[in-house]
Amino acid sequence: MERYGLIGYPLTHSFSAEYFSEKFFREGIINCRYDLFPIDSIDNLLQLIKETKELKGLSVTIPYKQKIIPLLTSIDDVAKNIGSVNTIIIERNENIFLHGFNTDVFGFKESLKPLLKNHHKKALILGTGGAASSVAYVLNKLGIEYLFVSRTKTWLPNTIDYSSLNEDIISTHNLIINATPVGMFPHIMNLPNIPYNYITKDHLLYDLIYNPSETLFLKKGIEKGVTVKNGMEMLYLQAEKSWEIWNKSI
Ligand code: NAP
């Protein structure tokens, strides 16, 4: 039996656990299982790995995406660059070696690329957390300029506050990505505080949220007839990429 799972705290409902259980069933993978491992301190990770001898790989979620980095034997360039790890491979011989990766970047990039048009040259990234860093990394790679929009960290480079969002900024930045939790279930009546009246047909609105599938932010775009995208494909792509990483030799 090969075991996989998710570490984080607290862990209640998890997309990954459902995704991998269904995948194993659908694809007839009978020698694998995926479990939730809610650990209340990252200091408990090595003990968990020692005790769970068949554990081969882990997904990592809040609050450990950064905290796990000092425990790693190696970290891939993408994860190092954005300072966030969501997937680890566990290598065992006499010792335990942990190798860290970030697959959110892959998921976001591959889900965004088919939607991009030549006029998408400038973007607004709402939020300045881990997901926003993954988004910024991808936009850099794609040669798209961006500004972060923040309530609290306007001292960061390339960062403005919500009250600065005027017609000029909204019309020139026609890719807008919500990398905040605003609008996520159960707070589905909330939406990022931007002037939606300046959105034009050339805009592309991308919401990293996947529950609900149509946030109020995306509904505002749909009302204007613009292209919109939710975070579901990104979620599937990052999970599949983790699976690929767990199954390649180190
Ligand atoms: P986070 O660190 O909790 O929050 C991101 C940023 O959102 C914060 O740094 C904050 O930026 C802003 N923010 C938080 N609460 C806000 C509020 N009430 N109003 C306005 N802004 C607020 O979250 P994260 O881990 O980066 O994830 C962000 C979102 O992406 C979540 O909804 C998460 O579920 C989603 N996500 C989806 C995928 C996927 O595969 N689809 C992957 C990763 C994350 P400021 O303080 O600078 O305003």
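The crossing of α4 and α5 is right-handed. Keep in mind that this is a predicted model. Let me start with that helix pair.

Helix α4 covers residues 104–112, and helix α5 covers residues 130–142. Their axes come within 9 Å and cross at roughly 55°. That angle makes α4 oblique to α5. Who makes the contact? From α4, it is D104, V105, F108, K109 and L112. From α5, it is S134, V135, Y137, V138, L139 and L142. By class, that contact has eight nonpolar residues, one polar and two charged.

The crossing of α4 past α8 is right-handed. Which residues of α4 touch α8? They are D104, F106, G107, F108, E110 and S111. On the α8 side we have E233, M234, L237, Q238 and K241. This contact divides into four nonpolar, three polar and four charged residues. Look at D104 and F108 in your viewer. Both are listed in the contact with α5, and both are listed in the contact with α8.

Next, helix α7, residues 216–223. Which residues of α7 are buried? F217, L218 and G221. Why do they line one face of the helix? An α-helix has 3.6 residues a turn, so residues three or four places apart point the same way. What covers the buried residues of α7? The cover includes four strands: β7 (122–126), β10 (175–178), β11 (204–207) and β12 (227–229). Just after α7 comes G225, with a positive phi of about 75°.

One of those covering strands is β10, and L175 sits in it. Is L175 buried or exposed? Its relative accessibility is 0%, so L175 counts as buried. What does L175 touch? Leaving out residues up to four places away in sequence, the list is L112, L116, H120, K122, A123, L124, L139, I144 and L204. Two of these names came up earlier. L112 of α4 and L139 of α5 both belong to the contact between those helices.

V228 is 53 residues away along the chain, and the two C-alpha atoms are separated by 10.0 Å.

Conventions. Residues are numbered from 1 along each chain as its sequence is written. This is a predicted model: local features need pLDDT of at least 70, side-chain atom pairs count only at pLDDT 80 or more; totals for chains, interfaces and linings use all residues. Side-chain values use heavy atoms; hydrogens and water are left out. Axes are lines fitted to C-alpha atoms, for helices over the stretch in contact, and angles run from 0 to 180 degrees between N-to-C directions. Helices (H or I, at least four residues) and strands (E, at least two) are DSSP runs, numbered from the N terminus. A crossing is left-handed if the near helix is turned anticlockwise from the far one by less than a right angle, and right-handed if clockwise. Contact means heavy atoms within 4.5 Å. Ala, Val, Leu, Ile, Met, Phe, Trp, Tyr, Cys and Pro count as nonpolar, Asp, Glu, Lys and Arg as charged, and the others, Gly among them, as polar. Buried means under 20% relative accessible area, exposed over 50%, partly exposed in between (1.4 Å probe, protein chains only). Angles under 35 degrees count as roughly parallel, over 145 as roughly antiparallel, 65 to 115 as roughly perpendicular and the rest as oblique.
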